[in-house]
Amino acid sequence: MQSPLPSPLTEIAGIGPATAEGFTRAGIASAEVLRAMGADAAYEAWLRAGNPPHFIGYYALVMALQGRPWNDCRGAEKDALRLRFDAMKARTQGKEKGHPGIEAALDEIGVGLRR
């Protein structure tokens with residue numbers, strides 16, 4: 001008997017085609033893999049693959065994997081997630097594809113890429 005096919009990333013609430021493409025670039029190609037990794041490991045892989053950091057995207061992922069709506073994140077919980085997000089960005093900064101650190105340097109002087 002064959003095992004079932006992996007579920008698409010878009011099966012997870014809040015993950016659309018563009019986000020799924022970013023996770024696929026990060027080597028995460030199915031909903032099962034993303035769930036098994038957890039939000040922090042998956043989002044760190046997202047950053048290491050050169051995808052842009054976005055705090056709302058990160059905490060929306062955390063909420064989605066808990067089966068909660070993205071806007072359920074508030075107060076102390078949101079503050080704690082911000083600290084985790086900032087730590088991930090710091091660990092991965094300069095490790096993105098292309099020219100390592102250039103976006104951070106350009107952002108620092110106020111001429112970074114607008115997204």
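Begin by selecting T24, which counts as partly exposed because its relative accessibility is 45%, a value between the 20% limit for buried and the 50% limit for exposed residues. The model on display is a predicted one. T24 lies in helix α1. Display its surroundings next: apart from neighbours within four places in sequence, T24 is in contact with L9 and A29.

**The whole chain**

Now zoom out and colour by secondary structure. The protein contains six helices and zero strands, so that the order read along the sequence is α-α-α-α-α-α. Switch to a surface view. The accessible surface amounts to about 7300 Å², and carbon and sulfur atoms account for 58% of it. Of the 115 residues, 30% count as buried. Among contacts between residues at least 6 apart in sequence, 42% join residues at least 24 apart.

**The nonpolar core**

Hide the surface and select I15, F23, L34, Y43, Y58 and L81. Within the largest nonpolar core, which has 25 residues, these six touch the most other members. Helices α1, α2, α3, α4 and α5 each supply at least two residues of this core. The largest share, seven residues, comes from α4.

Remain with L81 for a moment. Which residues is L81 in contact with, leaving aside its neighbours within four places in sequence? Display F55, Y58, Y59, V62, M63 and C73 to see these partners of L81.

**Helix α4**

Select residues 55-65, which form helix α4. Show side chains for F55, Y58, Y59, L61, V62, M63 and A64, the residues of α4 that are buried. Continue past the end of α4 to G67, where phi is positive, near 75 degrees.

**Helix α3**

Select A39, A42, Y43, E44, A45, W46 and L47 to display the buried set. Around them, the packing partners are α1, α2, α4 and α5. Just after α3 comes G50, which takes a positive phi of about 95 degrees.

**Where α3 meets α4**

Finally, show α3 and α4 together and hide the remainder. How do the axes of the two helices cross, and within what distance do they come? The axes of α3 and α4 come within 10 Å and cross at roughly 145 degrees. The crossing is right-handed. On the α3 side, select A39, D40 and Y43; on the α4 side, select G57, Y58, L61, V62 and L65, since these residues make the contact. Colour this selection by class: six residues are nonpolar, one is polar and one is charged.

Y43 of α3 and Y58 of α4 take part in the contact between the helices, and both are listed among the core residues that touch the most other members. Y58 is also one of the residues in contact with L81.

How values were computed. Residues numbered from 1 in each chain as written. Predicted model: local features only at pLDDT ≥ 70, side-chain atom pairs only at ≥ 80, totals over all residues. Heavy atoms only, no water. Buried < 20%, exposed > 50% of the residue type's maximum accessible area, 1.4 Å probe, protein only. Helix = DSSP H or I, 4+ residues; strand = E, 2+ residues; numbered from the N terminus. Contact = heavy atoms within 4.5 Å. Areas by Shrake-Rupley, 256 points an atom, 1.4 Å probe, with all protein chains shown as cover. Core = buried A, V, L, I, M, F, W, Y, C linked by side-chain atoms within 4.5 Å. Axes fitted to C-alpha atoms, helices over the stretch in contact; angles between N-to-C directions. Left-handed = near helix turned anticlockwise from the far one by under 90°. Nonpolar A, V, L, I, M, F, W, Y, C, P; charged D, E, K, R; others polar.
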